[in-house]
Every structure is written in C-alpha cells, then in structure tokens.
Amino acid sequence: MVGHYYPSSLEETLIELKKNRYQIIAGGTDVLVQYRSWSETVPKVKYPLMFIHHLSELKFMTENVDYIEIGACVTYKDLLSSPLIPKVLKDTIIEIASPGIRHTATLGGNIANASPAADAVCTLIALDAMVVIKSIDSIRTEKIEDFITGVKKTSLKPDEIIYSVKIPNVMSDYACFYKVGGRQADAISKVSLAAVMNATDGRITKWRMAFGAVGPKVMTSLSIDGMMIGKTIEEIKITIPAILEQYSPLINPIDDQRSTAKYRKLVAMNLIQKFIDAIS
Amino acid sequence: MIIKFTLNHQAVTIDTDPSRRLLDVLRVDFNLVGVKEGCGEGECGACSVLINHQVVNSCLVPVGNVHNKDVLTIEGYKLTPKYKIIETAFVDAGAVQCGFCTPGMVMATESLLYQNPHPSDLEIKIALSGNLCRCTGYNMIIEAVKLAVERGEGLW
C-alpha cells in the first residue's frame, strides 16, 4: 500500500489521484470521527490519506456578476468573516458544530461527506449552488443535489476532487435556515430546513426548499417547489394544508439514535409552516 | 512524514505518521498532558489547543495538518501574562471544580479574546459552546471570562 500523501500543489494532488487511490482529507473533522479507533492509535482508513487542507489553490473566495465561488478548502470560520457570503449561509454555519470545529472544517468537506443531515448542504441546495469537480484531465460542474447521490455517497470518482462551490449571485427576498437539534452547539440535526423565496409585486418568482435528515440525502424537489411559482403570497398563506400535503411525499424520515420518524415528519411540516408565516 | 511546526513558542520537527491525531502526538510524544481526551469526537472540547491562534479540537486534527503552523497548548500559554489573568479570574469566580475541562475552557477563552477583546455575554457563550463542563453549570465560567475581560483591559 502506498503511504499517506502531502502534496505541494493542486496539480500534484490530481496527478497522484490518477495513479493511486486515496481518501481525501481536508480539515479532518469528519474523517477522523468516521475512522476513529482507540486512543493513541491511527485512524483505520480504507485508503491512504491525501492531505489537501493546506493547498492555497483551494482557499479562494471570489465574486462576479453571475456567482460567488468558494474554494473547497475554505473553512467555516473564513466564510463567517467574509463579506461575500450570503447571510443565510452564515446563519447556517453559525449553527454548525462549535468554534473549534468551524476553525478547521471546510465547506468542500461538508459536501464530500454527503451526510443526509448536512446543514450547509441544505442551504447550498436552496441557493441553487453548483459543485465544480476537477481531475487532472477534466473539469465538470454539477448541481449539488445531483452531486450527492445517497447516504455518504457522491458522484465523485477516485481521481477527482471537489474544487469549488458556485452560488448564483442573486439576492433573496427571504432566505431562512431552521435547525432542530439536541443541543445548540455540536448537534447533528434531527430535522432542518433551508428555504428561499423571491416575489415580485406579491407574486412568487422563486421558491426553493431543502430538508435535512428526512431521507437518504438532503431532500429537495424542483417540481414541488415549481408549483409555488406564480402564486401570490396571499394564496400561499391560505393554502398551507395543501402545500404541506404537496411536500409530504418528500419527507420520509427514519427512527435513529437522534430522533424518531414521527417526530421528524411533524417538525419538518411545522418548519414549512414557520417559513410561510415568516414571509410577507 | 517530516512535520515541522511551532509548539509552545519553539520550532519542533517530528518524523511520524501524519494521520495520527494531534492530541496523541501532544500527549505521547511531547508529554503535554494538559491536553485532555474526553469524547474523542469533537463534542467536549477537553482537547482544545490553538492553531495559529484559533481554538481547535486536537482530537480531530491529523498531525499532518499542523505542518508549518503554530500550535499552542495550555503548557505554553501558561507562561504568558494573559494566562495569569484568566487563571486568577477562573479561581476567583469559582469556575474550576474537577478541572478536567479547564485547560480547554482557558484555550477557548484565549481564542475568543484574541479575536474579540470585548465580547458580549452571547459571544462568550458561543465561544465556549464547544466545551462541556459537568461540574460548574457554566455560569461561573462565563463570569470568569467577564472578569478576565475587565481585569485584562488593554492586554488583548
């Protein structure tokens, strides 16, 4: 088996990924938990580690008229201190983990980890974010909800790396993130909802919802969201039971150590209502 | 892998497996046992140390990630005037009982005050939100931080 690898550039990383199979590690806050073993022993990883946290090519934040682009290794802490980052994403990040983890955990890592309860992923989906994926001889862009394919599964191939996240540079009239967890810090969500709405003259022009911890991945549906487009905010507010009915098939949670399916379903429905109550 | 970093104000070089937890390297290789292991998964903050002046959970940092970085543990911080202010404030406020969480609490406090010398109560709570204490009930710890802010005016 080849050893762990500490590359000096992104190019070197991609060349090496083409040659050998690695487990990519950025901040390490997920990888070291997932593969943890006894104290004073090394994590039991399946593949040698490819260290990328130090690569400056993955630490950029830029903005143009079309989108905000965030390098995969930008930490939550850096996102919180950047003027480029949309408020709703900051509101989400402040609910993730604790300062010690936010100082080192990365946005790319949260996406690659593909947890069905990933808070930042909910908000990125609601903001229509795209993931940019690179290998030494290819570059592709995928919608984040398509990039994540199931519990802890993504479309990332062994020779690829998440390069960046692109968020469309558009203002939202309402953009909210609601999280329900067992503790205010360091809690994995029992249920979460990211919701974004735009309206012109009281008529909905954009409506996006993404639910965490209610299915095998963060759940979203462009077709259900699309049913809200063109309605007036008034119509939305007086047809809440019908809207909840429309979203219901999307919300299929399970019982686990954090919560029950019944509780999660009820709370997810209540969160939709909470968002509708908030808009005007 | 050869890993070079600054540890408690001194340049150090080690040759070790970069996947080892920083926590283990500090405790085993350097005998810095003020860095505690509580949960081992980032929930308790007992293993808090500073990397480049920001608090992190050393149980979740592969030591490869500290190459060319600056690491400060309670043992290195203890030699500074700021530490003395925090130590006295913790003692005076009754913020220490069993002491297991205390090094982590102190490092999280330094990380906060370095970034924000005049935090609000909410900012203090957020800064300490990754550190669990099973003895004091937190109020005394929050009081201790406020006392340190007051007494350390101008130091941070």
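Trainee: What is meant by saying that domain 1 of chain A is in contact with domain 2 of chain A?

Mentor: In this predicted model, 25 residues of domain 1 of chain A are in contact with 25 residues of domain 2 of chain A. The word is applied to them because they have heavy atoms within 4.5 Å. The domains themselves span 55–168 for domain 1 and 174–278 for domain 2, and their C-alpha centres are 21 Å apart.

Trainee: How much area do domain 1 of chain A and domain 2 of chain A bury between them?

Mentor: The two domains of chain A bury about 1900 Å², with 58% of it on carbon and sulfur atoms. On the side of domain 1 of chain A, the residues that lose the most area to domain 2 are A:Glu95, A:Cys122 and A:Ala126, which together account for 26% of what that side buries.

Trainee: Why is the pair A:Glu145 and A:Arg208 called a salt bridge?

Mentor: The closest N and O atoms of A:Glu145 and A:Arg208 are 3.0 Å apart. The limit for an Arg nitrogen and a Glu carboxyl oxygen is 4 Å, so the pair qualifies. Between domain 1 and domain 2 of chain A, the count is 4 salt bridges. Across that interface there are also 11 residue pairs in polar contact, both residues being at pLDDT 80 or more.

Trainee: Which elements of chain A each supply at least two residues of the side of domain 1 that touches domain 2?

Mentor: They are α4 (87–93), α7 (119–126) and β7 (148–150) of chain A. The largest share of that side of domain 1 of chain A comes from α7(A), with 6 residues. By class, that side of domain 1 of chain A divides into 14 nonpolar, 6 polar and 5 charged residues.

Trainee: How many residues of chain B are in contact with chain A?

Mentor: In chain B there are 33 such residues, and they meet 29 residues of chain A. Chain B and chain A bury about 2500 Å² between them, 55% of it on carbon and sulfur atoms. In chain B, the most area is lost to chain A by B:Ser19, B:Leu60 and B:Asn65, together 22% of what that side buries.

Trainee: What makes the meeting of B:Glu41 and A:Arg36 a salt bridge?

Mentor: The side chains of B:Glu41 and A:Arg36 come to 3.0 Å, N to O. That value is within 4 Å, and therefore the term applies. The count between chain B and chain A is 1 salt bridge, alongside 11 residue pairs in polar contact.

Trainee: How do you know whether A:Asp186 counts as buried or exposed?

Mentor: The relative accessibility of A:Asp186 is 12%, so A:Asp186 counts as buried. A:Asp186 sits in the loop between β10 (174–180) and β11 (191–200) of chain A. Its phi is near 55°, a positive value in a residue other than glycine.

Trainee: What of A:Asp201, buried or exposed?

Mentor: A:Asp201 has a relative accessible area of 79% and is therefore exposed, as the term requires over 50%. A:Asp201 lies in the loop between β11 and β12 (203–212) of chain A. Phi of A:Asp201 is near 50°, which is positive in a residue other than glycine.

Terms used. Residues numbered from 1 in each chain as written. Chains lettered and ligands numbered in written order. Predicted model: local features only at pLDDT ≥ 70, side-chain atom pairs only at ≥ 80, totals over all residues. Heavy atoms only, no water. Domains from an automatic or database assignment. Buried area = accessible area lost by both parts, 1.4 Å probe. Polar contact = N/O pair within 3.5 Å; in protein donor to acceptor, adjacent residues only side chain to side chain. Helix = DSSP H or I, 4+ residues; strand = E, 2+ residues; numbered from the N terminus. Nonpolar A, V, L, I, M, F, W, Y, C, P; charged D, E, K, R; others polar. Buried < 20%, exposed > 50% of the residue type's maximum accessible area, 1.4 Å probe, protein only.
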